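This report describes a protein chain together with its ligand. It takes the ligand site first, then the strands, and then the domains.

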Amino acid sequence: MRLDKAVAMTGLTRSEARKAIVAGRVQVDGRPVRDGAMQVQPGQVTIDGSAPVEAGELYIMVNKPAGVLTATEDRRLPTVLELLPPALRRRGLGPVGRLDRDVTGLVLLTTDGQLAHRLISPKWKAEKQYRARCEGRLTANEVEAFAQGISLSDFTARPARLILLETGDEGSTADVVLTEGKFHQVKRMFAAVGHPLVALERLRIGPLALDPILGPGQWRHLTEGEADALYKSCQMKSGED
Ligand code: URA
């Protein structure tokens with residue numbers, strides 16, 4: 001197919017694709033090419049060093065704003081998939097785990113169901129890191145309680161790391177790192193130690209960190225290195241099914 005068509009498969013319009021090519025942002029087999037009519041296989045094409053356009057699977061990080069559902073479609077409310085251009089919405093992408101509607105930050109979308117499963121499954125223990133703002137002053141007592149495993153009404157949470165960043169009587173900020181993701185889990189853990197959450201943002205899934213350049217509602221393809229690191233963390237080969 002033509003290079004400009006292959007580039008447009010990433011979700012750009014044809015004219016955006018042509019501009020990216022003219023600007024030298026597009027590579028074929030790693031070498032910049034400025035001829036949109038060149039015949040290519042999509043797997044040869046990269047943009048800004050991202051993962052190949054169509055190496056079989058897609059990997060996209062989204063900075064989810066509050067108010068948006070982590071779902072592929074909903075009749076009433078906007079979904080993370082609707083943050084993507086229409087061409088990308090039809091490619092079978094699904095979210096890796098869910099964030100509550102009021103929770104912001106990193107959502108990973110991929111077409112690779114096996115990778116998604118391993119990143120979510122408690123068995124594979126992929127770490128999830130969140131930045132939490134809560135009521136009241138957090139102390140070493142809460143750090144210890146998280147490390148022991150907080151007892152909730154229906155289960156005991158696995159030991160989690162609580163990293164205090166800022167503490168005060170008016171409220172505290174901390175990072176929490178856990179390896180499971182039950183319904184409302186972080187909110188429930190903070191509530192259980194008497195510090196209800198005010199805000200929660202996901203910063204990381206396994207080795208994949210939210211790119212700080214992405215504002216709320218923005219997205220980008222993972223780089224090849226980021227996708228490889230995810231597979232490695234799940235003991236999978238890239239593109240394996
Ligand atoms: N924990 C929560 O309570 N909510 C989320 O969305 C994610 C983790």
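A backbone N or O atom of Lys187 lies 3.0 Å from an oxygen atom of the ligand. The model shown here is predicted.

| Residue (backbone atom) | Ligand atom | Distance |
|---|---|---|
| Lys187 | oxygen | 3.0 Å |

How much of the ligand does the protein bury? Taken alone, the ligand exposes 240 Å², and the protein buries 95% of that.

**The shell around the ligand**

The residues that surround the ligand are Leu99, Asp100, Val103, Tyr130, His184, Gln185, Val186, Lys187 and Leu200. Sorted by class, this shell has five nonpolar, two polar and two charged residues. Helix α6, which spans residues 185-192, supplies the largest share of the shell, namely three residues. Viewed by domain, the shell draws at least three residues from domain 2 and at least three from domain 3.

**A salt bridge at Lys187**

Lys187 also takes part in a side-chain pairing. Side chains of opposite charge can pair when their charged atoms come close. Here the side chains of Lys187 and Asp102 meet in a salt bridge, with 2.8 Å from N to O. Which parts of the chain does this pair link? Lys187 belongs to helix α6, while Asp102 sits in the loop between β5 (94-95) and β6, and the two residues are 85 residues apart. In total, the structure holds 11 salt bridges.

**Strand β10 and its partners**

Strand β10 covers residues 197-205 and pairs with strand β6 (residues 104-110) in the parallel sense, over two bridges. Within that pairing, Gly105 stands opposite Arg202 in β10. Strand β7 (residues 128-134) runs antiparallel to β10, and seven bridges join them. Cys134 stands opposite Leu197 in β10.

Strand β11 (residues 208-209) is also antiparallel to β10, joined to it by two bridges. In this case Ile205 stands opposite Leu208 in β11. β10 and β11 form a hairpin with two residues between the strands, and Gly206 takes a positive phi near 55° there.

**A sheet of three strands**

Another group of strands forms an open sheet in the order β2-β1-β3, with antiparallel pairing. Strand β1 (residues 26-28) is joined to β3 by three bridges, and the two run antiparallel. Val26 stands opposite Ile47 in β3. As a general point, the side chains in a regular strand alternate between the two faces of the sheet.

**Domains**

The domain assignment divides the protein chain into domain 1 (3-47), domain 2 (59-122 + 207-233) and domain 3 (127-205). Domain 2 is therefore written as two segments, 59-122 and 207-233, in an assignment that comes from an automatic or database source. Taken over C-alpha atoms, the centres of domain 1 and domain 3 are separated by 44 Å. Domain 2 and domain 3 each contribute to the shell around the ligand.

Conventions: Residues numbered from 1 in each chain as written. Predicted model: local features only at pLDDT ≥ 70, side-chain atom pairs only at ≥ 80, totals over all residues. Heavy atoms only, no water. Near = heavy atom within 4 Å. Polar contact = N/O pair within 3.5 Å; in protein donor to acceptor, adjacent residues only side chain to side chain. Areas by Shrake-Rupley, 256 points an atom, 1.4 Å probe, with all protein chains shown as cover. Helix = DSSP H or I, 4+ residues; strand = E, 2+ residues; numbered from the N terminus. Nonpolar A, V, L, I, M, F, W, Y, C, P; charged D, E, K, R; others polar. Pairing = 2+ DSSP bridges. Salt bridge = Lys/Arg side-chain N within 4 Å of Asp/Glu carboxyl O.
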